[in-house]
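Hi,

Here is the structure I promised to pass on. Have a look at it first, and my notes follow below.

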Amino acid sequence: MTHKIDHELLNREMAADDPWRLDGNPFERERHTQILRLSLAQGRVANALEVGCAAGAFTERLAPICQRLTVIDVVEPAITRARLRMKETPHISWIISDVQQFSSDELFDLIVVAEVLYYVGDLVQIRAAVRNLVGLLAPGGQLVFGSARDANCERWGHAAGAETTIAMLNESLTEIECLECRGASINEDCLLALFRKPISAS
């Protein structure tokens, strides 16, 4: 899939009242509960990055545990909807950006990237996104990753999903925990993983 097609797809999906049923689906609520649990593995967070906010369903749960939170999404409607949901929250910065191109002067203690990376394109682009995220993570910091499995992602027309991306993350980070979340439908089958960046890593 090209970047242009991905943007069009994301904008179409964002037009729904409850994009991806992130608020109304018990599977998605449980997935968010587990992502939040993994995010709290080292307690409250000083400086976090959420990659891909959709309409802000998880942002609403993540923000209270963070002193500072940067939220990025590649499509403007996602940022607009999430900001409206959160109202005036001064400790959150909102940025429209591609995960491969995003940069920051500060490193993050926590990065959360869930159900996002399979949208970026082919395996080369996914690897570039992973490399950028690893570079943005502070030594000793945590990255929480979530994705539908490879088989589902490939069936949906994406290059790869959870297993492939987790293998990429394991090349630079230390995997602390991995768990599966399953729901009632074939599409509700994902892996969540917690990684830590070695203190000695640059």
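Let me start with a pair of strands: β4 (residues 108–114) and β5 run parallel to each other, paired over six bridges. Pairing here requires at least two DSSP bridges between two strands, and the elements themselves are DSSP runs numbered from the N terminus, with helices being H or I of at least four residues and strands being E of at least two. Within this pair, F108 sits opposite L137 of β5.

Before going on, a word on the source: this is a predicted model, in which local features need pLDDT of at least 70 and side-chain atom pairs count only at pLDDT 80 or more, while totals for chains, interfaces and linings use all residues. Residues are numbered from 1 along each chain as its sequence is written, and side-chain values use heavy atoms, with hydrogens and water left out.

Back to β5. Together with β4 and helix α5 (residues 123–136), β5 forms a right-handed β-α-β unit; right-handed means that, with the strands pointing away from the viewer, the path from the first strand over the helix to the second runs clockwise. β5 also pairs with strand β7 (residues 189–196), this time in the antiparallel sense and over seven bridges. There, V144 faces L194 of β7. Strand β5 (residues 137–148) is largely enclosed by the rest of the structure, because eleven of its twelve residues are buried. Buried stands for under 20% relative accessible area, exposed for over 50%, and partly exposed for anything in between (1.4 Å probe, protein chains only).

Next, the cysteines. Searching the whole structure turns up zero disulfides, a disulfide being a pair of cysteine sulfur atoms within 2.5 Å. C153 is in none, and its nearest cysteine sulfur, in C190, lies 9.9 Å away. For C190, the closest cysteine sulfur is that of C181 at 4.6 Å, which is too far for a bond. C153 is buried at 0% relative accessibility, and C190 is buried at 2%.

Finally, the overall picture. The protein has seven helices and seven strands, in the order α-α-β-α-β-α-β-β-α-β-α-α-β-β from the N terminus. Of its 202 residues, 52% count as buried. Taking contacts (heavy atoms within 4.5 Å) between residues at least 6 apart in sequence, 66% join residues at least 24 apart. The accessible surface is about 9,300 Å², with 53% belonging to carbon and sulfur atoms; areas come from the Shrake-Rupley method with a 1.4 Å probe, and for residues only the protein chains shown count as cover.

Best wishes
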